[in-house]
Amino acid sequence: MTSIVFQDLHKQYGKFQAVDGLSANIEAGRITGFLGPNGAGKSTALRCLLGLATPTSGSALLDGKKYTQLSHPSREVGAVLDTSGFNRSLTGRQNLKIMCAAGGINTDRIAPLLEMVELTPAANKRTKGYSLGMRQRLSLAAALLGDPQILVLDEPANGLDPIGIAWLRQMLRDLANQGKTILVSSHQLAEMQHTVDDVLIINQGKLIADGPIAQVTQGRSLEDTFLSLVGAGK
Amino acid sequence: MNLIKAEFLKLFYPRRTYGILLAAIAISVLGAAFTPYALSKIGSGMAMPLTNAAAIDSVYSKALAGYIFAVIIGVLTVTSEFNNHTAIATYLAAPKRWQPMLAKIIVAAIGGALLNLVATLVGMGSAAYALTFYPEAVAPASNVWLDFSLVALLTGAVLSLIGVGIGALIRNQNAAVSISFVWLFLIDRILAVLFVDVGKYLPTGLVTSLMNLKFNYTGPVVSVNTGDYLEPWPATGLLVAYGAVFVLAALLTTNRRDID
């Protein structure tokens, strides 16, 4: 079932075309990797999808609706966009309590999620003392607070150690097996090869490849495929 | 209600809020407690001896000096979201942007009003205590405790809303706070005293009007005649209008900009 749809999405900043006619469908129950070099337009497309930026034209829909039309956004979509997105003078638990309040989510969700992301011992410490990996785990907990059906994750493996990355991979697989839609942007191509079912590759704002990973890579590594597609290949 | 609860948590969790409250109390106490001493020394020359009930009112009026920190509460309500990069989480939870901004407006108004009320009450308490050291001091001309408490609530709420508007227009926290301080501590006060024709329409002049003080001091450098200021009700209307303009600016700018 199609869960996320980009329809001829354009986003322009002045004369710079950040996203240039992106059209793609993302299926539920699968992990889709959203790949592209720096400045390719991935984050801009995700921001348009999540209502943080207004498309110049075209649309980005979640279950047929714009993000701004969702009745309970925090319970329908979870997102990790910025690991520094916590009030640094507050504890991890306080930050999550604020998010629960804003999203109308029961705070009973906080303790098990902190346990799941292995942050319980640091839950009452101020986040300004958190490492990048700890902030990443807290971001994931925040995204999962509302038990959403759709997850949009921008570089979720940043700052995670190898054990953390393996944990993230398994967690994403478990969530996909529950029928959730997972859209993950990342630069870590070797890791993505082991994690995703489908890929979207964009360069200079345009979609240059999409489909199941085996179909896109045709037996090559994802890194080789990516480098040849974006014109930086061997 | 969810968003209002979230905004209250954002206001009351950080220690910074209590630091701002202490600063507001400190400036109110300093002004109110020191003024009886100043008037006992030079008040006669200013036709403002402590035997004059209007002078006593002016002593208690210093307790409202903390209102600038209500503006800071309003500024921080908006700018801290961008300073901490929490704006994304806020607008993901409530993508109709006017909703979180409306919650901020409500919470900033309540927070600013409470902050100013507490600072004013403590300041007036310190004024009352300081006046006990001056046997010649008479009773105030008006019901300062009730009147100034109401003024504190109104000015705290409205100035906090002005702060919300400033924060929405100037997202850089340091710049927004600095501009607010310089304007209210310096420029606004100078205009209110030296250029009354302009200053009476600005926040400091309007707060002075709301307190309905009655004195006329002519000095070698500055002269202050409270009769030059607006009457309390027109001043109230103008102050509320300022608040409304800044609220509108906050709502409009928030709806139009992308969230970084």
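User: Which residue forms a salt bridge with A:Asp198, and how far apart are the closest N and O atoms?

Analyst: Side chains of opposite charge can pair when their charged atoms come close. In this predicted model, A:Asp198 forms a salt bridge with A:Arg30, and the closest N and O atoms of the two are 2.7 Å apart. The pair links distant parts of the chain, for A:Asp198 is in strand β8 (residues 198-203) of chain A while A:Arg30 is in the loop between β2 (16-27) and β3 (31-35), 168 residues apart.

User: How many salt bridges does the structure hold over all chains, and which residues do salt bridges that share partners join into one network?

Analyst: Over all chains, the structure holds 10 salt bridges. In chain B, B:Lys10 forms a salt bridge with B:Glu7, with the closest N and O atoms 3.0 Å apart. These two residues are three residues apart in helix α1 (residues 2-12) of chain B, which means that about one helical turn separates them. B:Lys10 also forms a salt bridge with B:Glu81, where the closest N and O atoms are 2.7 Å apart. This second pair links distant parts of the chain, since B:Glu81 is in helix α4 (residues 67-83) of chain B and B:Lys10 in helix α1, 71 residues apart. Both B:Glu81 and B:Lys10 are buried, and B:Glu7 is buried too. Salt bridges that share partners join B:Glu7, B:Lys10, B:Glu81 and B:Lys104 into one network.

User: How many salt bridges are there between chain A and chain B, and how many residues of each chain are in contact?

Analyst: Between chain A and chain B the count is zero salt bridges, although six residue pairs are in polar contact, both residues of each pair being at pLDDT 80 or more. The elements that give two or more residues to the side of chain A that touches chain B are β1 (2-13), α2 (73-76) and α3 (92-103) of chain A, and α3(A) gives the most, with seven residues. By class, that side of chain A has 15 nonpolar, 11 polar and six charged residues. In contact are 32 residues of chain A and 24 residues of chain B. The area buried between the chains is about 2,300 Å², of which carbon and sulfur atoms give 56%.

User: Which value of phi does A:Glu118 have, and what is the value for A:Gln218?

Analyst: Most residues other than glycine have a negative phi. Phi of A:Glu118 is near 60 degrees, a positive value, and A:Gln218, which is not a glycine either, has a positive phi of about 50 degrees. A:Glu118 is found in the loop between α4 (110-116) and α5 (132-144) of chain A, and with a relative accessible area of 52% A:Glu118 is exposed. A:Gln218 lies in the loop between α8 (213-217) and α9 of chain A, and at 65% relative accessibility A:Gln218 counts as exposed.

User: Where is A:Thr225, and which residues is A:Thr225 in contact with, leaving aside its neighbours within four places in sequence?

Analyst: A:Thr225 is in helix α9 (residues 222-229) of chain A, and at 1% relative accessibility A:Thr225 counts as buried. A polar atom of its side chain lies 2.8 Å from the backbone oxygen of A:Ser221. Leaving aside neighbours within four places in sequence, A:Thr225 is in contact with A:Val216, A:Thr217 and A:Arg220.

Key. Residues are numbered from 1 along each chain as its sequence is written. Chains are lettered from A and ligands numbered from 1 in the order in which they are written. This is a predicted model: local features need pLDDT of at least 70, side-chain atom pairs count only at pLDDT 80 or more; totals for chains, interfaces and linings use all residues. Side-chain values use heavy atoms; hydrogens and water are left out. Contact means heavy atoms within 4.5 Å. Buried area is the accessible area (1.4 Å probe) that two parts lose on being put together, summed over both. A salt bridge is a side-chain nitrogen of Lys or Arg within 4 Å of a carboxyl oxygen of Asp or Glu. A polar contact is a pair of N or O atoms within 3.5 Å; within protein, one must be able to donate a hydrogen and the other to accept it, and residues adjacent in sequence count only if both atoms are side-chain atoms. Helices (H or I, at least four residues) and strands (E, at least two) are DSSP runs, numbered from the N terminus. Ala, Val, Leu, Ile, Met, Phe, Trp, Tyr, Cys and Pro count as nonpolar, Asp, Glu, Lys and Arg as charged, and the others, Gly among them, as polar. Buried means under 20% relative accessible area, exposed over 50%, partly exposed in between (1.4 Å probe, protein chains only).
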